[in-house]
Amino acid sequence: MKHLILKNISKEYGGTTVVRDFNLEIEQGEFVSFLGPSGCGKTTTLRMVAGFEMPTTGTITMNGAEITNNPPNQRNVGMIFQAYALFPNMTVAQNIGFGLKIRKETESAIKERVDEMLALISLQKHANKYPYQLSGGQQQRVALARALANRPQVLLLDEPLSALDAKIRVSLRSEIRAIQKKMGITAIFVTHDQEEALSISDRIVVMYEGRIEQVGTPFQVYNFPETNFVANFVGTLNSAEAEVVDSAQGLLNMDGIQFKTSQEEMKGRSTGDKIRMSIRPERLSFAAELKKDNVLDCVIENITFLGSVVRIQVKIGNARFNMDTFNNPFLELPKIGDKSQVTCSQEAVLVYSGEATA
Amino acid sequence: MSQSQKRDAPKARPVSQMSWAWLGVMPFFIFAFMFLLYPSSTIVVRTFQDAETGSFTLKNIINLMRDPYVLGAYSLSIKISIVTALGGAIFGFLLAYAAIRGGLPRFMRSSLMTFSGVASNFAGVPLAFAFIALLSPTGMLTNWLKAVGFNIYDYGFTLFKFWGLSLVYMYFQFPLMVLIITPAIDGLRREWVEASENLGATTFQYWRYVAFPILLPSLLGCTILLFGNAFGAFATAQALTGGSAMNLATIVIGAQLRGDVLGDLGLGYAVAFGMVIVMTVVMIGYSVLQRRAERWLK
């Protein structure tokens, strides 16, 4: 039995549909991220699971019981908010123990659970501090402990890292993932940061304009994007308009330059179709190293040093493509204006219908 | 210049000896000195000064403590201040909360704020006259009520006594409460309600454990400020009661300094000194509570 099922969920506000026909089944202990740009409906969907919004249509089932119309205080889901939402009049320990106090648990049981949670987030020394005396990262850890103290069936995280600085964000997301795994709790994580979603999720639900675009593991979503939107939104992508010149052979034409793609990408395409062709920057390399299915003449236009990666912008015909290569101290970089050749495999050339959406 | 040579550090900008900004705030300091510090210090000095000889004395303070007329005035002032502070605080808070968080149309908030800004400053003779025209024995509303068979004066109401004056004070007390409690209500975050609900709390439990404790310092601070506002009011009571029917501390000070009653200048200063102490306590209390509220609401 699936732990959490969202079936045919939609949400309308005054005639505007913000979530449409949302279907998702989540396993016990799974970490699922809702990923998408602002306004795609990911937070609204999360809030429907929490009970803060009621679906216009559809049902939500948790552990076999329908909870669609249950009020938020009768759902037993834990929620972590973007702005922490700690109660400022309570100490760290009181915040963590709040839910247990509401449940009228004994003083000793509350203390025991609070101590356990404080140990989990390594903030034992801060038990008697008030939220304003803590850093943002510490406050969010307290919020995590508070949400977990009630032993919720599902943990909901609404962009919990977006108010934190980059370094804390990376360390805290690992901490959240480790705690979630340790406790075996089902979690839904809302984010617009693809790196965050890719790094900690078992599965990612990519959303756009209230719809699910793709559900898959981070590997699937990144390497095999099912729609043009997913391909553009997740990771960096080179994209250009092209035409199918031979669907049987997988041949494409971009302004007179021929590309070869895989048969998989040609499914449902016919010769003469106008398509959008995409290649991830890391799938391109200089042809001098190893020639693959596509070998293309280019001119070096720009070189950007990004730390572990060097991004080289090349001009192929009239289109500009980025090529990523790992940095190393002995890397011999071309000069701007040099003529060269780049190459990529046919599997690296992705084909989509229509215009780019992100 | 070789690579190894250090560049000269850029010269620090010379620190200005005197900022022109001080000139801008000078009128405030002059005003505060002339109309706050100087009169206050004069009150303190003259409280402990013999009016005839100019020598140090505690006679004025002792007279104040022994004079039932003055003590009665303080008692009445404190009573009316407590009643109107509590009434204004409760009514003003409920009104502000309803307008800000009650889901009412947006224009309600701006209308209420505009009204409160005007009404909280509408005091003194005009306010007294407005209420006399409305609720005196021959007032407009009194007559309307009489016409429908309900004479409020038959039920013990008098505009010129305690409850009448309290009602008049309420006219500027609750709008002041609306103005000063609004930032605290704005500071209540929606996430706190949601977080408490998410943790299993009911609306009542949210108010009991979260919202009320967070608002409490602001509510107390604002109530104290309303107390001070009523305690220091003079013109409204004087205009409404003619200074005779209601023996308030401020009216006693006026009477003593004008020489209307006994003309004891020293006693007048001592009564005023007592008021300065009460108002200082009020301001300190407000400031401490406000700081606590800000710490939680920032």
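Which helix and which strand of chain A each supply at least two residues of the lining of the largest pocket?

## The model

This is a predicted model in which local features need pLDDT of at least 70, side-chain atom pairs count only at pLDDT 80 or more, and totals for chains, interfaces and linings use all residues. Residues are numbered from 1 along each chain as its sequence is written, chains are lettered from A in the order in which they are written, and side-chain values use heavy atoms, without hydrogens and water.

## The largest pocket

The answer is α7 (218–223) and β20 (350–352) of chain A; helices (H or I, at least four residues) and strands (E, at least two) are DSSP runs, numbered from the N terminus. With 3 residues, β20(A) gives the most to this lining.

The largest pocket holds about 420 Å³ of space. Its lining has 20 residues, and A:F224, A:P225, A:E264, A:E265 and A:L350 are the closest to its centre. By class, the lining comprises 7 nonpolar, 5 polar and 8 charged residues.

## Two helices of chain B

In chain B, the axes of helix α7 (residues 162–187) and helix α9 (residues 203–231) come within 10 Å and cross at roughly 150°. The two helices are therefore roughly antiparallel (an angle over 145 degrees). The crossing of α7(B) past α9(B) is right-handed.

Among the residues that make the contact (heavy atoms within 4.5 Å) are B:Y169, B:F172 and B:L176 of α7(B) and B:L215, B:L219 and B:C222 of α9(B). The residues of this contact divide into 14 nonpolar, 3 polar and no charged.

Definitions and conventions:
Axes are lines fitted to C-alpha atoms, for helices over the stretch in contact, and angles run from 0 to 180 degrees between N-to-C directions. Angles under 35 degrees count as roughly parallel, over 145 as roughly antiparallel, 65 to 115 as roughly perpendicular and the rest as oblique. A crossing is left-handed if the near helix is turned anticlockwise from the far one by less than a right angle, and right-handed if clockwise. Ala, Val, Leu, Ile, Met, Phe, Trp, Tyr, Cys and Pro count as nonpolar, Asp, Glu, Lys and Arg as charged, and the others, Gly among them, as polar. On a 1 Å grid over the protein atoms alone, a cavity is a set of points where a 1.4 Å probe fits but cannot get out, and a pocket is an open set with protein on both sides within 12 Å along at least five of seven lines; lining residues have an atom within 4 Å of a point. Grid points are joined across faces, edges and corners, and a volume is the space filled by probe spheres set on the points.
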